[in-house]
Each structure stands twice: as C-alpha cells, then as structure tokens.
Amino acid sequence: AGIRLAIVGATGAVGQEMLKILEERNFAIEELICLADPREAGTKLKFKGETVTVQSAGPEHFKKSDVAMFAVGTDIAKEMAGTALKNDCVVIDNSYAFRLQEDVPLVVPEVNPEDIDWHKGIIANPNCSTIIMVVAINPIYKAAGLKRVVVSTYQAVSGAGKAGLEELEKHSRDYLEGREVSPEVFAYPIAFNLIPHIDVFVEDDYTREEMKMVWEARKIMHAPHLQISPTAVRVPVFRSHSESINLETEKPITPELARQILEKSPGVVVQDNPAENTYPMPLFTAGTDEVYVGRIRKDISVENGLAIWVAADQIRKGAATNAVQIAEILAAKNQY
Ligand code: 11C
C-alpha cells in the first residue's frame, strides 16, 4: 500500500528530481501518475525500473490521486490547483502562486513541520534560496534571537530550470570558441559573468527573488518582524546555490556554540575547518539533500554578530527534496 501520487511537471528539472528522490527514499506509492503539458504527453520516464508514460494533466488524474506534487510555473499552478482541490487531491505546490496566502501553510520540514497540520488542501513549497537560508539560520534564531539578516546569494543557473543549464553550457562554448553569445534565458551572457538580477524588480529596487526571501522566511520562521536585506545574484554554476549570510543576534552567541548547535540541527551539515581549507562549495554539494554550513565566524562589524557561508543543491533541498519530505509527513499522518 501507499499513496496515489501525481507529479505535475514530471519532465522538468524539479519533476525529474522528484522521481529520483521518491525512488531513493523508497516512498510508499500505490500508483504514480506523471503529468505534464500536452506537448510532453507520451514521454517515457523510468521509475523503479519500470516505464511510466507522461500524460497530459486533466481532472480525471487528480480524481485518482491522493496527493499531487506540482513542479510547474505560477500560472499553471493557479490554473490546476483548483481542479485538484475539486477532486479531493492535496497539492504540494512548488511555485510562488500560493506561498503568501494566509490559509496556505508554507513549509520547510526542518523548521515548521507543524504548519502542515492546518492545511486546507494546498501546502506551498518555498523558493529555493529561502529554504536554504532558513534551514541554516533558524537554529541560530531559536538559540539567540535575530535582529537583522544580510544575505547575498550565488544562485546556480539550474534555478532557471533545464533551459538555464543549457544556456550556461552554450554560452561557455560560444565564448571559448569565439562565437557571438546571445542571451535568451538570462538578461546577459552568463558564462564568465555574474548577474545581480533574478526575477523582476519590485519594491525599493529589490527584485522579487530577493523579496521572496524576506516574505517567505518571515512566514516559515513565524518571525513577522525579522529584518532581512538580500541581494540575489546569478552565477555561472550549474547546480547548488550558495549564500553569504550575516546575522545580528539578540543575544550574544559564540561561533563555537553556533557550530555546536548547527551540528545538531536537522538537515544541516557543518563543513568548517579553515585550517584544512574545509568549507562548503557548490561543486561538491550538488546532488545531495543537506544544507552545508561553513566559515562560521564572528561578524566583527557588530556587537552580537555571526557570519556564515552556506551551500545546498537547490533542485533537491531547495525544491524536490523539500516537497517529498512534506509528502512523507502527509503520508505518515494520513493528512490527505
Ligand atoms: C532561481 N530561485 O534560482 C529561483 C527559482 O520562486 O520557486 C525558483 C523560483 C521560485 O531562479
């Protein structure tokens, strides 16, 4: 036995990773339904050695599913969630569509698993940069309180999906082989460059990617007044986002205590030994499920301050793994 599970957007970067993770974690599935838009219908995918044929998503699929994990854009998520709800199918949505809606829990299982209990049919999966940040900073928040967070992200191209991956590869080849580089997914050439602009500009010249980190972290951590100033930057890395985070705490906390707390925190791996040049790097965190924290040191610019460096695979912990963890909790508690 197990649950009847649909994956909407099964052919995309996040959808594909969801399948891998479900298989790795041996998630108990009674029936797996892989859905995508009509152009992808008929695509054959592998799951546990068997072939699953992708179907064009329709109400009949939601009727047959207990839970649907959505790995599609905001507009399609809005369109399809209603159909899923009408058919008694609980939605775990990876898009921005419902994250800030008051009646929708926004969940990172290491931080606020209890919020799953009050879902009304939709549970939102946060933005990848937000998930990675809150897994690392929530334990410090619990131990010493937080006044202010300053975060700069170094976001991999796969945050923009398969097309982002292909663009970095193409731009790298074009640049090295002397051809003209023509940006499509990103606003500028991404190979050998950094682009301090992800998503659209919204408030006070911050981007929406940056404001998502503010709005979503406050909701997940139940810290409505937490002050956060992010700068989100796209970097020529294929996979795994990194973040430089400066924390101003309410109470003093030594780097040693922070290290001990983080070592015991769920979902966190501390990689921090400057003497041995040990710190997290995206090349090595890619393909894993944890959030890696290193460079834990006193922020010498404030009285109660810590500086940390974080890296994590944003397709896994930042999206697919987090959604599967939520599905595991729903399944274990029969909350669908
Ligand atoms: C990026 N963080 O790296 C974005 C992708 O709200 O789920 C995910 C956007 C979101 O481009």
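Let's begin with two strands that lie side by side: strand 11 (residues 241–249) and strand 14 (residues 305–312) run antiparallel and are joined by eight bridges. One of the paired positions is Ser 242, whose bridge partner in strand 14 is Ala 311. Keep in mind as you look around that this is a predicted model.

Now step back to the sheet around that pair. In general, the strands of a sheet pair through backbone hydrogen bonds, either parallel or antiparallel. Here the sheet is open and has six strands, in the order 10-9-11-14-13-12, with mixed pairing. Strand 10 (227–234) and strand 12 (268–270) are the edge strands, each pairing on one side only. From one strand to the next, the twist averages 20 degrees.

Helices come next. Helix 4 (residues 128–144) packs on the sheet and touches strand 9 (146–155), strand 10, strand 11, strand 12, strand 13 (291–298) and strand 14. The direction of helix 4 makes about 25 degrees with that of strand 11. Helix 6 (residues 208–220) lies across strand 9, strand 10 and strand 11, and runs at about 140 degrees to strand 10.

Finally, have a look at the cysteines. How many disulfides does the structure hold? The structure holds zero. Take Cys 34: the closest cysteine sulfur, in Cys 89, is 14 Å from its own sulfur, so the two are too far apart for a bond. A disulfide would need the sulfur atoms within 2.5 Å. Cys 34 counts as buried because its relative accessibility is 1%. Cys 89 also counts as buried, at 1% relative accessibility.

How values were computed:
Residues numbered from 1 in each chain as written. Predicted model: local features only at pLDDT ≥ 70, side-chain atom pairs only at ≥ 80, totals over all residues. Heavy atoms only, no water. Pairing = 2+ DSSP bridges. Helix = DSSP H or I, 4+ residues; strand = E, 2+ residues; numbered from the N terminus. Axes fitted to C-alpha atoms, helices over the stretch in contact; angles between N-to-C directions. Contact = heavy atoms within 4.5 Å. Buried < 20%, exposed > 50% of the residue type's maximum accessible area, 1.4 Å probe, protein only.
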